[in-house]
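Subject: Structure handover

Hello,

Here is the structure I promised to pass on. Please open it alongside this email, and my notes follow below.

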Amino acid sequence: MKIGVASDHAGFLLKQEVAESLRKQGHDVLDVGTDSTAPVDYPDFAEKVALAVRDGRAERAVLICGSGVGASVAACKVPGIRAAICHDTYSAHQGVEHDDMNVLVLGGRIVGPALAHELVQAFVAARFTGEERHLRRLGKVKAIEARYR
């Protein structure tokens with residue numbers, strides 16, 4: 001799978017670990033930054049990775065900032081992006097299965113590397129069910145997005 005990764009300075013070290021782990025598992029990783037722990041603004045990198053997903057350069061993405069909150073909010077501003085902050089494996093896979101989540105957001109100051117790897121694995125392995133109730137609800141989410149474009 002082609003997976004985008006991005007972070008601000010607070011998520012940089014965890015992003016590097018996540019990207020390396022994904023590569024070792026055979027995934028094609030598109031790293032859109034940042035490239036160090038020097039202070040940067042999370043919206044810039046949330047937008048870059050969200051656009052990579054929206055434009056088809058990545059199937060899904062992992063985005064990391066300090067808490068995960070700001071990056072999650074910013075990524076969801078890009079039409080077609082369904083980003084969610086997850087700190088438990090159930091949410092990481094259920095968000096894909098039920099809500100067709102396409103960006104997993106992590107808090108680099110909240111979760112450690114071991115949990116981050118579990119969350120990413122749950123996210124990457126999950127598939128949208130396509131069940132009628134999930135399609136209906138996703139259609140309503142898309143309709144809300146369309147009304148405010």
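Start with Ala83, whose bridge partner in E5 is Val103. E4 and E5 run parallel, and three bridges join them. Bear in mind that this is a predicted model.

**The sheet**

These two strands belong to an open sheet of five strands. The order is E2-E1-E3-E5-E4, and the pairing is parallel. Which strands stand at the edges? They are E2 and E4 (83-85). Each has a single partner strand, so one side of each is left without a neighbour in the sheet. Neighbouring strands of this sheet are turned by 25° against each other on average, ignoring direction.

**Helices across the sheet**

Two helices are worth a look here. H1 lies across E1 (2-7), E2 and E3 (60-65). Its direction is at about 165° to E1. Helix H5 covers residues 113-125 and lies across E1, E3 and E5. H5 runs at about 170° to E5.

**Salt bridges**

How many salt bridges does the structure hold? There are seven. I will go through some of them.

Lys15 pairs with Asp31, and their closest N and O atoms are 2.8 Å apart. This pair links distant parts of the chain. Lys15 is in helix H1 (residues 12-24), Asp31 is in strand E2, and 16 residues separate them. Is Lys15 buried or exposed? Its relative accessibility is 1%, so Lys15 counts as buried. Asp31 is at 29% and therefore counts as partly exposed.

Arg54 and Asp55 form another salt bridge. Here the closest N and O atoms are 2.9 Å apart. Asp55 has 43% relative accessibility, which makes it partly exposed. Arg54 is partly exposed as well, with a relative accessible area of 47%.

Next, look at Arg133 and Glu131. Their side chains meet in a salt bridge at 3.2 Å, N to O. Arg133 is partly exposed at 35% relative accessibility. Glu131 is also partly exposed, with a relative accessible area of 35%.

**Rings**

How many aromatic pairs does a search of the whole structure find? It finds zero. One ring does have a charge over it, though: the charged end of Arg60 sits over the ring of Phe123. The distance to the ring centre is 5.3 Å.

**Backbone points**

Two places in the backbone deserve a check on screen. Thr34 lies in the loop between strand E2 (28-31) and helix H2 (42-54).

The other is Asp100. Asp100 is not a glycine, yet it has a positive phi of about 55°. Where is Asp100 found? It is in the loop between helix H4 (89-99) and strand E5 (103-107).

**Where to look**

For a quick tour, begin at the bridge between Ala83 and Val103. Then find the salt bridge of Lys15 with Asp31. Move on to Arg60 over the ring of Phe123.

Best wishes

Notes:
Residues are numbered from 1 along each chain as its sequence is written. This is a predicted model: local features need pLDDT of at least 70, side-chain atom pairs count only at pLDDT 80 or more; totals for chains, interfaces and linings use all residues. Side-chain values use heavy atoms; hydrogens and water are left out. Helices (H or I, at least four residues) and strands (E, at least two) are DSSP runs, numbered from the N terminus. Rings of Phe, Tyr and Trp (its six-membered ring) pair if their centres lie within 6.5 Å; planes under 30 degrees apart count as stacked, over 60 as edge-to-face and the rest as tilted. A charge sits over a ring if NZ of Lys or CZ of Arg is within 6 Å of the ring centre and within 35 degrees of the ring normal. A salt bridge is a side-chain nitrogen of Lys or Arg within 4 Å of a carboxyl oxygen of Asp or Glu. Buried means under 20% relative accessible area, exposed over 50%, partly exposed in between (1.4 Å probe, protein chains only). Two strands pair if DSSP finds at least two bridges between them. Axes are lines fitted to C-alpha atoms, for helices over the stretch in contact, and angles run from 0 to 180 degrees between N-to-C directions. Contact means heavy atoms within 4.5 Å.
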